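Please keep the sequence and the model in view while reading.

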Amino acid sequence: MTGQRHEFEQLTVLEAEAIGQPGQRRFRLIAGSGNDLVLLWMEKEQLQALGLAIEQLLEQLRLAGLVRGRIPNQPAKLQGGLPPTTPEYLVGRMAIGYDEERRQIAIFAHDIEQGEDEDPIFAGRATLPAAKALAEQIAAVIAAGRPRCPRCGAVIGPEGHVCPYDNGHLPWEG
Ligand SMILES: [Zn+2]
């Protein structure tokens, strides 16, 4: 599936979602413009890395003075359902960059079967508010699959969890 390329001057749809039951979730991006969409399936780690890369890029832009003030969170949501013929790809490498002229974030994805020297199967530009919304959505999607403490409901990370019920200081007791 390396023949057709999907390039979008402006992504009007850019969403992340998890499909399936906890522990068996699969992750994908829905991206495109109007009804011209692609599904980019990827590992959870890849999706997480994409979200972090966007957050870091936005922070760099802010530090460099290229972005002033707070970037609003403006999701690029899918309107209506997915067209049944939406092309699907399994993502290998991904990259992002900043398009200074348009002041937008460019997202590139290679199909897993593509060679290093081939053009990415997917390329699209997103507004900064849409990119920020995607990064926040990714964080929420990733966190939704993590185990939670049955007593206080907090997410239990790889480092474990210090439960407020164990030390007598419940968060709402101050
Ligand atoms: Zn707890």
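The model is predicted. The protein contains three helices and seven strands, and from the N terminus its elements follow the order β-β-β-β-α-β-β-β-α-α. Along the principal axes, the C-alpha atoms occupy a box of roughly 60 × 40 × 35 Å. Of the 174 residues, 25% are buried. Among contacts with a separation of 6 or more, 55% are between residues 24 or more positions apart.

The seven strands form an open sheet with mixed pairing, in the order β1-β7-β6-β5-β4-β3-β2. At its edges lie β1 (6–8) and β2 (13–19), each of which pairs on one side only. From one strand to the next, the twist averages 30°. Strands β1 and β7 (residues 122–127) run parallel and are joined by three bridges; His6 stands opposite Phe122 in β7.

| Helix | Strands touched | Angle between directions |
|---|---|---|
| α1 (residues 44–63) | β2, β3 (26–33), β4 (36–42), β5 and β6 | about 10° with β5 |
| α2 (residues 128–144) | β2, β6 and β7 | about 5° with β2 |

The loop between β5 (88–99) and β6 (104–111) holds Arg103. Most residues other than glycine have a negative phi. Arg103 is not a glycine, yet its phi is positive, about 55°. Arg103 counts as partly exposed because 13 C-beta neighbours lie inside 10 Å.

How values were computed:
Residues numbered from 1 in each chain as written. Predicted model: local features only at pLDDT ≥ 70, side-chain atom pairs only at ≥ 80, totals over all residues. Helix = DSSP H or I, 4+ residues; strand = E, 2+ residues; numbered from the N terminus. Buried ≥ 20, exposed ≤ 12 C-beta atoms within 10 Å, placed from the backbone. Contact = placed C-beta atoms within 7 Å. Pairing = 2+ DSSP bridges. Axes fitted to C-alpha atoms, helices over the stretch in contact; angles between N-to-C directions.
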